[in-house]
Amino acid sequence: MGSLSDIGLAAGINILSALGFLLAFAILRLQPINDRVYFPKWYLKGIRNSPRHSGNVVSKFVNLDFRTYIRFLNWMPTALKMPEPELIDHAGLDSAVYIRIYLLGRLKIFVPLTVLGFCVLVPVNWTSKTLENAQEVTFSEIDKLSISNIGQDTQRFWAHVVMAYVFAFWTYFVLYKEYKLIASMRLHFLASEKRRPDQFTVLVRNVPPDPDESVSEHVEHFFSVNHQDHYLTHQVVYNANKLASIVEKKKGLQNWLVYYENKHTRNPARRPTMKTGFWGLWGKTLDAIDYHTAEIEKLSKEEDAERERVISNPKSIMPAAFVSFKSRWGAAVCAQTQQSSNPTLWLTEWAPEPRDVYWSNLAIPYVELTIRRSLMAVALFFLTFFFIIPIAFVQSLANLEGIEKVVPFLRPVIEVQVVKSLIQGFLPGIALKVFLILLPTILMTMSKIEGFTALSALERSFLHESANKIPEIVGRSIPMKATFFISYIMVDGWAGIAAEIIRLKPLVIFHLKNTFLVKTEQDREQAMDPGCLEFASSEPRIQLYFLLGLVYAVVTPILLPFIIVFFSFSFLVFRHQIINVYNQQYESGASFWPDVHGRLIVAMIVSQLLLMGLMSTQRAPQSTLLLGLPVITICFHSFCKGRFEPAFVKLPLQDAMVKDTLERATEPNLNLRDYLKYAYIHPVFHSDDIEHPLAIEEEERNPLVATKRNRSTPGDSKYASETSSDINF
């Protein structure tokens, strides 16, 4: 087990690594050639101009003003200056609430817990002599600060029980206040938000087939009858996945063509060549420009044919549609009510905003979705089970005795003090970090297979799944594995966060594109990769740190300062990135917050159960007093869920009516149909002539299309009773 010297060595390595990353960032961000990498958000907003447009040749690449290097750390206070309302206007509510999670962990929860833990629990643990008096027990200084140093059946456990309740009630108070505040922020954001297509639109799934009408006609007929005062227009969903893959492949070939044309421009005397084999390593040698030109022409013909097939083939139209209404009130009523006597048909939900739509999954039939989700639940169980194996192996690295048993010939090397400290204080965190890097990719792939239709829903599903693995990791590691997690926190939460700000991958990719693909200033703008907050990978990391903090707050409080450093540093770094770099793909209005709150509740329950089990193993009679904590935590969650969660899943009709009334008063001539007409067209159709599906063109000529069904025999359709098709109009 790790000692204070092991932790000190690991801290030194990680602090130096973090300082190295920060110093490199401070220098790189000042260079004109990197300006688009470190300030892309301001370019996208049209506020910032490239510093390379002025000055001599050298100053276009290198910053020659040495005074700026003296102030190389001024980005830190600058990142903290922007007020939260301005941050919401600048980056959106999702980003602002994401930053608040780090603030919640740093100041609101773990700083008070650390103060109490060090004032009460550390003296209680340290003054007990259990480990020192025990025979044949290996322990470190850190273990003497933990609950491990408390003897069996002693009154000292009262301090831990009382602090467990104090910590829990303080966390309840903080979470309640935060949930209330964020719910208020969300409602205010939605009320003040500019007009967006998703405010007027619902996604309709599982449209029943009809022998007399197409999907588009059936959708129009149903909503014209059942929402006759509010229905405006609709857009059916096409299965354009194959067409999208062709378009993507063509785009890749066009990038290569630009690369080879630029190469030829630099050396006109020599035509670039390529090999057609795997990765261009072998095969027939061809003229690269001619080859890519021919391939692009071939794909263009294939694209045209596939586009024609999608538009003309009724089988390409899915039983789903985006239905838009004349008002937000009408959309809210439709999205939040049951449309048919059969609850499995005409399923409605709020449409994601157009940027948030995950088009590939819209083509999945509803029945297949149910099957996919069942299969993914089974796959998730096996993933959880088998992922324990590498985690257990990684944790064994923190045990020198275990390593020496596996590789006894390395014992002379391992026993060297510096090597020993490195192994116990640094390498386990690195190894665990490598294993956990694979997990986000696996879980995101599973979420996509599961069939969610919005990027935000994909990432929220990911949050729900990933938290279930964490108790397996932590539950086997208390309290004698505290040094293991301290090592991981320093590797991932200190050096790892510092590496985030340097943006090494986007930096390299931008300069590669700038060298080989960029011809014009517009090309240079497209070469920028601002990136975004990747909730799917960053949120589980935060959940893990919350869980570690809540578990060890009572067990080993010495771990808490390391977690505070993580939250503080992350708050600073990600606030800077949100202001200057990231450009969010979508805006969900902080709809992910209930999932975050739910994960924190799970972390609290897990920590309480683990503490109860740990005290039971030490024969502490006070452990039975902890039985009430999980019950209180569940009751608290139920209260918050009923009190605040509706604000995140429903739009109050009163608020919708107020916003509609205000809009009609300020914009009486607004043509909402034109505003919504192309909002939910599949992206592959955006740049083509076929932007108006025939159903919508017909709709514009005849606002109320009569049903083609035989009105005198409504019962001919087996879905007539469920679609209200027997109503004449």
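Predicted model: local features only at pLDDT ≥ 70, side-chain atom pairs only at ≥ 80, totals over all residues.

Colleague: Which residues does UniProt annotate as "transmembrane region"?
Modeller: The unreviewed UniProt entry puts that label on several stretches, including 6–28, 109–126 and 157–176. In the model, residues 6–28 are 100% helix, with end C-alpha atoms 33 Å apart. Residues 109–126 are also 100% helix, and there the ends lie 24 Å apart.

Colleague: What forms the nonpolar patch on the surface?
Modeller: Leu116, Trp158, Val162, Val166 and Leu625, with about 390 Å² of accessible area together. Helix H10 gives the most, 3 residues.

Colleague: And valine 162, where does that lie?
Modeller: Valine 162 is in helix H10, and it counts as partly exposed because its relative accessibility is 42%.

Colleague: Switching to charges: how many salt bridges does the structure hold?
Modeller: There are 22. One of them pairs glutamate 178 with lysine 108, with the closest N and O atoms 2.8 Å apart. Glutamate 178 lies in helix H10 and lysine 108 in helix H7, so the pair ties together parts 70 residues apart in sequence.

Colleague: Is glutamate 178 buried or exposed?
Modeller: Buried, at 2% relative accessibility, whereas lysine 108 is partly exposed at 26%.

Colleague: What about lysine 298 and glutamate 295?
Modeller: Their side chains meet in a salt bridge at 3.3 Å, N to O. Both sit in helix H13, 3 residues apart, about one turn of the helix.

Colleague: Which residues do shared partners join into one network?
Modeller: Glu193, Arg196, Asp198, Glu353 and Arg355, through salt bridges.

Note on methods
Residues numbered from 1 in each chain as written. Heavy atoms only, no water. UniProt positions renumbered as here; feature names shortened; annotations may be inferred. Helix = DSSP H or I, 4+ residues; strand = E, 2+ residues; numbered from the N terminus. Patch = residues over 30% accessible without salt bridge, like charges linked within 9 Å, V, L, I, M, F, W, Y side chains within 5 Å. Areas by Shrake-Rupley, 256 points an atom, 1.4 Å probe, with all protein chains shown as cover. Salt bridge = Lys/Arg side-chain N within 4 Å of Asp/Glu carboxyl O. Buried < 20%, exposed > 50% of the residue type's maximum accessible area, 1.4 Å probe, protein only.
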